[in-house]
Amino acid sequence: MRVLRHWDERGVVSPSRTPAGHRLYGADDVVRLHRAITLRALGLRLDRVAALLDGTDPDPAATLRAHLAQVDADLRRRRTVRDRLAEVLADTGDDVLSTVLREMTMIGSYVHGYHETEATRLRDQAATLADLLHDGVTFPDGAHVLEPGCGVGAQTVVLAARSPGARFTSIDLTETQVAAARARVEAAGLADRVDVRAGDVHDPPVPPGSVDHVVVFFLLEHLPRPQEALAALRHVLRPGGTITVVEGDHGATSFHPDSDDARAVIACQEVLQRQAGGDAGIGRRLHPLLASAGFDDVAVVPRTAHAHAGRPDLADSLVRRTFTPMVAGVREPALAAGLITPERFDAGVRDLLRTTEPGGTFSYTFFRATGTRAASTTSTTPTNPRRA
C-alpha cells in the first residue's frame with residue numbers, strides 16, 4: 001500500500017477516488033500499473049517512468065538508450081569490484097575485514113567527488129590551463145566533434161569557443177554532470193551547436209563512423225579499462241578522423257621546498273584513484289594505449305606548467321585553486337582507508353601551499369596525445385605498428 005501511495009504522489013499511477021477517499025483502480029489504471037512495474041523493473045527512476053507513460057518524454061528511445069548506457073557502466077563497475085575483491089581476498093592475512101576496507105574504499109567511484117567544490121576546481125582548472133592545453137586544438141567549420149566525459153562542461157566551453165564553426169556532442173554518464181554542463185553551455189551562448197547528453201564512453205550515443213574528431217580531457221585516468229574506451233571511440237570516428245587526448249601524470253610533479261608529507265598526500269590520491277579503477281599516472285601511457293586501440297600516427301607531446309615567483313598568477317591558479325584542492329579533497333577517504341594520519345595529511349597540504357610563497361616553485365606535466373583512424377583500414381589493430 002505504501003508503494004502505491006508513493007507512486008500516486010509521484011504521478012506514476014493516479015487512480016480515481018471513492019467518496020470515502022479510497023483509491024479506485026479501473027481497467028486503464030491496472031494496465032498503467034503493470035506498465036509502470038515493467039519500466040520500474042528496468043531500474044528507471046519514477047519521474048522517468050511517469051514521463052514515459054504520460055507521453056511527455058520528448059525522446060523515449062534516447063532515454064532508454066541513456067539508461068542502457070548506465071546499466072552497462074554499472075555492470076562494468078560490478079565486474080571491477082568483483083575482480084578486485086577476489087584479488088584482495090586471495091592475498092590477505094588474518095585481518096580480512098580491515099584489508100578489504102583499506103583496499104576497496106574508493107573502488108568504482110569518482111575519486112574527486114561530485115560536490116560543488118570539485119565543480120569549482122574543474123572550472124578553475126579549465127581556465128588556468130586553457131592556453132597550455134588547448135593551444136592548437138581547433139576544428140574546422142562543419143566538423144562534428146565528440147567529447148566524452150564532459151563533466152560540468154568546463155573544457156566544453158573552451159573547446160567550442162575556439163572552434164566557432166564546429167558542432168559538438170558532449171556526453172557524460174552522470175545526470176547531475178550533464179545538467180551542470182548543459183547549463184554552462186547555455187550560459188556561454190553555445191547551445192545552438194553543443195549538444196550535451198547522457199552517454200557512456202564505452203558505447204557513445206552516435207552512429208559508427210559519424211564523428212570527425214574526438215577530444216578527451218582527463219577521462220581515461222578514471223577508467224578501469226581505458227583501452228576498451230579508446231577502441232569504442234575509434235569505432236565512431238570516420239576513416240581519417242582524429243582523436244586528441246589530454247591527461248596528467250602525478251609522477252611528473254616536482255616542487256620546492258620538497259616535502260615528504262606533501263608527497264605522502266599526493267600518494268594518497270594516487271592510491272585511492274587506483275583502488276577506484278583509475279590511474280593518476282596515465283599520462284605516460286598514452287602512446288601505447290592509443291596504439292593498442294588501433295590508432296595510427298600516434299604522437300605525444302608533454303606540456304609542463306611551472307609556477308614560481310615570477311608567475312604568481314599561475315602559482316595561485318595551478319597550485320592553490322587546482323592541484324592542492326584536488327589532492328586535499330581525498331582527505332576523508334584517505335583517513336578512512338588508514339593511508340595516512342590526519343596530522344601528516346594536513347601538514348602535507350600546508351607544504352604544497354608553501355610552494356606558492358616566495359622562494360617556492362611547483363611543476364606539473366600534462367601529456368597531449370593525438371592519433372588518426374586510418375582511412376585504409378577497418379580493423380582495430382594499427383595498420384603500421386612501427387609508426388603507431
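Helix 4 makes the greatest contribution to the lining of the second largest pocket, giving 9 residues. Please note that this is a predicted model, in which local features need pLDDT of at least 70 and side-chain atom pairs count only at pLDDT 80 or more, whereas totals for chains, interfaces and linings use all residues. Residues are numbered from 1 along each chain as its sequence is written, and side-chain values use heavy atoms, with hydrogens and water left out.

A pocket here is an open set of points on a 1 Å grid over the protein atoms alone, where a 1.4 Å probe fits, with protein on both sides within 12 Å along at least five of seven lines; lining residues have an atom within 4 Å of a point. This pocket is lined by 30 residues, and Ala62, Thr63, Ala66, Arg197 and Ala198 lie nearest its centre. Two or more lining residues come from each of helix 4 (60–90), helix 8 (175–187) and strand 5 (194–198); helices are DSSP runs of H or I, at least four residues, and strands runs of E, at least two.

I turn to the interior.

Beyond four places in sequence, the contacts of Phe168 (heavy atoms within 4.5 Å) include Phe139, Leu159 and Ala160. Leu159 and Ala160 are among the buried residues of helix 7, where buried means under 20% relative accessible area with a 1.4 Å probe, protein chains only. In helix 7 (residues 154–162), 7 of the 9 residues are buried.

How values were computed: Buried means under 20% relative accessible area, exposed over 50%, partly exposed in between (1.4 Å probe, protein chains only).
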